[in-house]
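Please open the model in your viewer and keep the sequence panel beside it. The stops below go from the whole chain to single side chains.

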Amino acid sequence: MRCDATDINEAALVSGKQNAQANGVDIKFIKSNLFENVPPRKYDLIAFNAPVGNGRGMAWFEYVKSFIRNSPILYKVFQKFSHFLFRR
């Protein structure tokens, strides 16, 4: 099995590499903003770890909506998320 991981944050990449090494997992880490630096290839699975904030106090859900606003399909999916989450 082949696994690639991307992040734009260098600290996240360093942490990921350390975790992969500590757990004996072979992962190729790529510094990239989403797919910008990912070589063209097909994947069986793509998992997305949504950002948890942008450091400006914006609520998580509003940040994610602003991040994907230009993708009608993802925007529609994220709009529906609020109907399935508990309010706190």
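In what order do the elements of the protein run from the N terminus on? They run β-α-β-α-α, and the protein has three helices and two strands, where helices (H or I, at least four residues) and strands (E, at least two) are DSSP runs numbered from the N terminus. This is a predicted model, in which local features need pLDDT of at least 70 and side-chain atom pairs count only at pLDDT 80 or more, while totals for chains, interfaces and linings use all residues. Residues are numbered from 1 along each chain as its sequence is written, and side-chain values use heavy atoms, with hydrogens and water left out.

**The whole chain**

Show the surface: the accessible area of the protein comes to about 7,600 Å², of which 55% belongs to carbon and sulfur atoms, as computed by the Shrake-Rupley method with a 1.4 Å probe, with only the protein chains shown counting as cover for residues. Of the 88 residues in the protein, 16% are buried, where buried means under 20% relative accessible area, exposed over 50%, and partly exposed in between (1.4 Å probe, protein chains only). If you display contacts (heavy atoms within 4.5 Å), residues 24 or more positions apart account for 31% of those with a separation of 6 or more.

**Around Asp4**

Next, select Arg2, Asp4 and Arg41, which are linked in a network of salt bridges, a salt bridge being a side-chain nitrogen of Lys or Arg within 4 Å of a carboxyl oxygen of Asp or Glu. Between Arg2 and Asp4, the closest N and O atoms are 3.3 Å apart; Asp4 is buried at 17% relative accessible area, whereas Arg2 is partly exposed at 49%. Asp4 also forms a salt bridge with Arg41, again with the closest N and O atoms 3.3 Å apart. This pair links distant parts of the chain, since Asp4 lies in strand S1 (residues 4-7) and Arg41 in the loop between strand S2 (28-31) and helix H2 (60-68), 37 residues apart. Arg41 itself is partly exposed, with a relative accessibility of 33%.

**From helix H1 to strand S2**

Now select Glu10 and Lys31, whose side chains meet in a salt bridge at 3.6 Å, N to O. Here too the pair links distant parts of the chain, with Glu10 in helix H1 (residues 10-22) and Lys31 in strand S2, 21 residues apart. Glu10 is partly exposed at 40% relative accessibility, and Lys31 is partly exposed at 44%.

How many salt bridges does the rule count? The count comes to three.
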